[in-house]
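This report walks through one protein model, from single contacts to the overall fold. Keep the coordinates open while reading.

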Amino acid sequence: MVHSVELVFDPDTEAAVRHIWDGLREAGIPSQAPASRPHTTLIVAERVDPEVDSLLASLLPRFPFDCRIGAPLLFGTAKVVLARLVVPTTELLDVHAEVHRVCLPHLSPGPMPNALPGRWTGHVTLARRVEPRQMGRAVRIAGKPPEIAGRVVGLRRWDGNAKREYAIT
């Protein structure tokens with residue numbers, strides 16, 4: 001399993017994403033509901049050393065900040081991941097770069113390439129393993145509302161082995 005460091009949202013933004021998850025699930029599309037928590041992954045590795053938590057706490061003065069959750073995205077080819085873009089801003093990209101810098105010495109092995117600054121696409125995952133026959137309906141559901149004005153309120157470290165989150169405080 002993977003470990004990650006992620007952005008977390010305020011309750012209203014989480015509720016808006018969960019509403020989309022529920023719509024997908026009700027349509028028979030394999031959404032993230034109810035097991036997950038809406039988030040945006042900043043860095044991913046096979047292991048993130050827990051000692052990074054205290055170092056990441058130095059970033060807390062940057063939060064909260066506004067974000068916009070925009071257009072639907074598709075990752076993959078056959079059974080795809082359906083997501084919504086977290087519209088890149090200078091603030092978002094700066095936080096991503098700083099998390100990468102702080103975490104890099106504490107990852108084993110190094111970060112996955114799709115999480116590197118300059119290669120990262122900030123997004124909120126809505127559904128996994130969406131089949132081609134479900135795609136049109138999934139994108140219509142995922143695209144409403146066309147934009148979500150939200151707030152990023154902090155960071156968490158996710159331990160995929162233990163399936164446990166650690167709030168950065």
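## Salt bridge between Glu 147 and Arg 68

A salt bridge here is a side-chain nitrogen of Lys or Arg within 4 Å of a carboxyl oxygen of Asp or Glu. The model is predicted. Glu 147 and Arg 68 form such a bridge, with their closest N and O atoms 2.8 Å apart. The two partners are 79 residues apart and link distant parts of the chain. Glu 147 sits in the loop between helix H4 (135-142) and strand S8 (148-159). Arg 68 belongs to strand S4 (residues 65-75).

Glu 147 is partly exposed, with a relative accessible area of 40%. Arg 68 is partly exposed too, at 38%.

## Other salt bridges

The whole structure holds 13 salt bridges. One of them joins Glu 165 and Arg 37, at 3.0 Å from N to O. Glu 165 lies in strand S9 (residues 164-167) and Arg 37 in the loop between helix H1 (11-26) and strand S2 (39-45), so this bridge ties together parts 128 residues apart in sequence. Glu 165 is partly exposed, with a relative accessible area of 31%. Arg 37 is also partly exposed, at 24%.

Arg 133 and Glu 131 make another salt bridge, at 3.2 Å from N to O. Here the two ends differ in class. Arg 133 is exposed at 68% relative accessibility, while Glu 131 is partly exposed at 25%. Shared partners also connect salt bridges into one network of Glu 6, Glu 14, Arg 18, Arg 37, Arg 156 and Glu 165.

## Strand S4 and its partners

S4 pairs with two strands named here. Five bridges join S4 to S8, and the two run antiparallel. In this pairing, Arg 68 stands opposite Ala 149 of S8.

S4 also pairs with strand S5 (residues 80-86), again antiparallel and over five bridges. Phe 75 has Val 81 as its bridge partner in S5. The hairpin of S4 and S5 has four residues between the strands. Gly 76 in this hairpin takes a positive phi near 105°.

Two polar contacts involve the His 39 side chain. One reaches the side chain of Glu 6 at 3.5 Å. The other reaches the side chain of Thr 41 at 3.4 Å. With neighbours within four places in sequence set aside, His 39 is in contact with Glu 6, Leu 7, Phe 9, His 123, Val 124 and Arg 156. Glu 6 and Arg 156 are also members of the salt-bridge network.

## Helix H3

Helix H3 (residues 90-103) has 14 residues. From its first C-alpha to its last it reaches 20 Å, close to the 20 Å expected at 1.5 Å a residue. Its buried residues are Leu 92, Val 95, His 96, Glu 98, Val 99, His 100, Val 102 and Cys 103.

## Backbone exceptions

Two cis peptide bonds deserve a check. One runs from Phe 63 to Pro 64, with omega near -5°. Pro 64 is placed in the loop between helix H2 (52-56) and S4. The other runs from Lys 144 to Pro 145, also with omega near -5°. Pro 145 is in the loop between H4 and S8.

Positive phi also occurs outside glycine. Arg 129 has a phi of about 60°. This residue is in strand S7 (residues 123-130), and is exposed at 55% relative accessibility. Lys 163 has a phi near 50°. Lys 163 lies in the loop between S8 and S9, and is exposed with a relative accessible area of 55%.

## Overall fold

The protein has four helices and nine strands. From the N terminus on, their order is β-α-β-β-α-β-β-α-β-β-α-β-β. The C-alpha atoms fill a box of roughly 45 × 30 × 30 Å along the principal axes.

A compact globule of 169 residues would have a radius of gyration near 15 Å, and the 16 Å of this protein agrees with that. Buried residues make up 44% of the 169 residues. Among contacts with a separation of 6 or more, 80% come from residues 24 or more positions apart.

Notes. Residues are numbered from 1 along each chain as its sequence is written. This is a predicted model: local features need pLDDT of at least 70, side-chain atom pairs count only at pLDDT 80 or more; totals for chains, interfaces and linings use all residues. Side-chain values use heavy atoms; hydrogens and water are left out. Buried means under 20% relative accessible area, exposed over 50%, partly exposed in between (1.4 Å probe, protein chains only). Two strands pair if DSSP finds at least two bridges between them. A polar contact is a pair of N or O atoms within 3.5 Å; within protein, one must be able to donate a hydrogen and the other to accept it, and residues adjacent in sequence count only if both atoms are side-chain atoms. Contact means heavy atoms within 4.5 Å. The expected span of a helix is 1.5 Å times one less than its number of residues. The radius of gyration is taken over C-alpha atoms; the globule rule is 2.2 Å times the number of residues to the power 0.38.
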